[in-house]
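Subject: Handover of a structure and notes on its features

Dear colleague,

Please find below the structure that I am handing over to you. My notes follow it, and I would be grateful if you would read the two side by side.

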Amino acid sequence: MILRLDHVQKQYKDFGLDCSLQVAEGCVTGLIGANGAGKSTTFKAILDLIKTDGGTIEILGKDSREISVADKQQIGAVLAESTFSNVLTIKNVIPIMEAEYRSFHKDWFLQKCEYYKLPLNKPLKEFSSGMKAKFKLLVAMSHDAKLLILDEPTAGLDSVARSELLDEMREFMNKEERAILISSHISSDLEGLCDDLYFMQNGKILFHEDTDVILSDYAILKVNEEQYKALDKHYILYRDKRPFGYELLTKDRQYYLDNYREIVVEKGNIDDIMLMIAKGERL
């Protein structure tokens with residue numbers, strides 16, 4: 001296992017984190033949830049940027065408290081508020097990377113900067129949002145990391161720029177012994193990239209499932225009061241009271257398609273499903 005969190009806890013005045021998740025080798029794992037759910041706090045805990053109050057973190061098979069400097073070089077990260085000084089240029093950044101990372105691939109990095117038309121002599125503060133996002137991701141990928149921690153790497157970008165960054169992530173995963181943990185509010189990005197998804201709310205993981213299972217087996221049922229009373233609820237996960245009756249989240253879409261032809265069965269996307277989990281009552 002590339003990454004494992006077991007009841008990692010952090011208590012603030014008005015927020016508490018208690019997170020368990022794992023990221024397997026060869027997998028892209030998504031961590032999703034509303035703003036303030038605890039995603040960034042989780043990432044900072046993994047990267048040892050905050051002191052946790054309990055639980056354990058294992059990275060690359062080691063307890064995080066035993067991670068060496070050499071081990072940390074196998075982790076690449078993109079955080080929203082963390083980057084190089086805005087007065088630096090890419091040319092300024094290169095010697096810093098060479099000094100910090102023994103496996104920094106300068107030629108690859110320069111080739112990618114040229115491909116994305118990132119100017120080498122312009123201060124980072126003059127970069128557009130898309131240019132900054134590409135720069136940060138290329139830096140994270142430039143030193144043979146085995147694990148990428150990506151906190152909203154495509155936030156605020158247009159569809160073309162997002163597609164380019166997603167392609168870079170897929171290319172990164174072409175080598176063995178690699179993994180990505182990524183957060184994003186853009187469900188379509190996650191559907192096409194992630195192998196599995198964790199949904200976080202109020203600092204806790206409420207839901208975990210393989211992405212292909214979510215897209216193939218899960219559905220939203222819409223039923224009136226009479227239909228709800230007659231319904232087999234064995235495969236219902238959540239319900240939400242509505243003016244017409246109920247919306248229900250099921251993990252077995254085909255069962256209800258086969259046995260309840262009179263009810264509405266909608267193949268929900270990730271946003272629909274996460275909204276049901278956030279708002280609905282668990283059965």
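**Basis of the values**

This is a predicted model, in which local features need pLDDT of at least 70 and side-chain atom pairs count only at pLDDT 80 or more, while totals for chains, interfaces and linings use all residues. Residues are numbered from 1 along each chain as its sequence is written, and side-chain values use heavy atoms, with hydrogens and water left out.

**Overall picture**

The protein has 11 helices and 15 strands; these are DSSP runs numbered from the N terminus, with helices being H or I of at least four residues and strands E of at least two. Along the principal axes, its C-alpha atoms fill a box of roughly 70 × 40 × 35 Å. The accessible surface comes to about 14,300 Å², and 45% of it belongs to carbon and sulfur atoms; the areas come from the Shrake-Rupley method with a 1.4 Å probe, and for residues only the protein chains shown count as cover.

Of the 283 residues, 47% are buried. Buried means under 20% relative accessible area, exposed means over 50%, and partly exposed lies in between (1.4 Å probe, protein chains only). Among contacts (heavy atoms within 4.5 Å) between residues at least 6 apart in sequence, 68% join residues at least 24 apart.

Helix α3 spans residues 90-100, and its buried residues are I90, V93, I94 and M97. They cover an arc of only 110° around the axis, which puts them on the same side of α3; the arc is that of the directions from the helix axis to the C-beta atoms. An α-helix has 3.6 residues a turn, so residues three or four places apart point the same way. The buried residues of α3 pack against α4 (106-115) and α5 (129-141).

In α4, the buried residues are F109, K112 and C113. Seen down the axis, they fall within an arc of 100° and so line one face of the helix. D107, Q111, E114 and Y115 are exposed on the other side of α4. The packing partners of the buried residues of α4 are α3, α5 and α6. Just after α4, K117 takes a positive phi of about 60°.

The loop between β6 (75-78) and α3 holds T89, which is buried with a relative accessible area of 10%. Leaving aside neighbours within four places in sequence, T89 is in contact with L120, N121, K122 and P123.

**Nonpolar cores**

A nonpolar core is a set of buried Ala, Val, Leu, Ile, Met, Phe, Trp, Tyr and Cys residues joined through side-chain atoms within 4.5 Å. The largest has 36 residues, of which M169, I180, I182 and L249 touch the most other members. Another core, of 26 residues, lies apart from it and has I2, F15, I149 and L181 among its members. Residues that L249 touches, not counting those up to four places away in sequence, include Y218, I236, L237, I273 and I277.

**Cysteines**

With a disulfide taken as a pair of cysteine sulfur atoms within 2.5 Å, the count comes to 0 disulfides. C19 is in no disulfide, and the nearest cysteine sulfur, that of C194, is 15 Å away. C19 counts as buried at 0% relative accessibility, and C113 is buried with a relative accessible area of 1%.

**Individual residues and backbone**

D63 lies in strand β5 (residues 62-63) and is buried, at a relative accessible area of 18%. The side chain of D63 reaches the backbone nitrogen of R65 at 2.8 Å. Beyond four places in sequence, D63 touches I57 and E58.

Most residues other than glycine have a negative phi. L60, in the loop between β4 (54-59) and β5, has a positive phi near 55° and counts as partly exposed at 23% relative accessibility. E152, in the loop between β7 (147-151) and α6 (159-172), has a positive phi of about 50° and is buried with a relative accessible area of 18%.

With kind regards

Terms used: A polar contact is a pair of N or O atoms within 3.5 Å; within protein, one must be able to donate a hydrogen and the other to accept it, and residues adjacent in sequence count only if both atoms are side-chain atoms.
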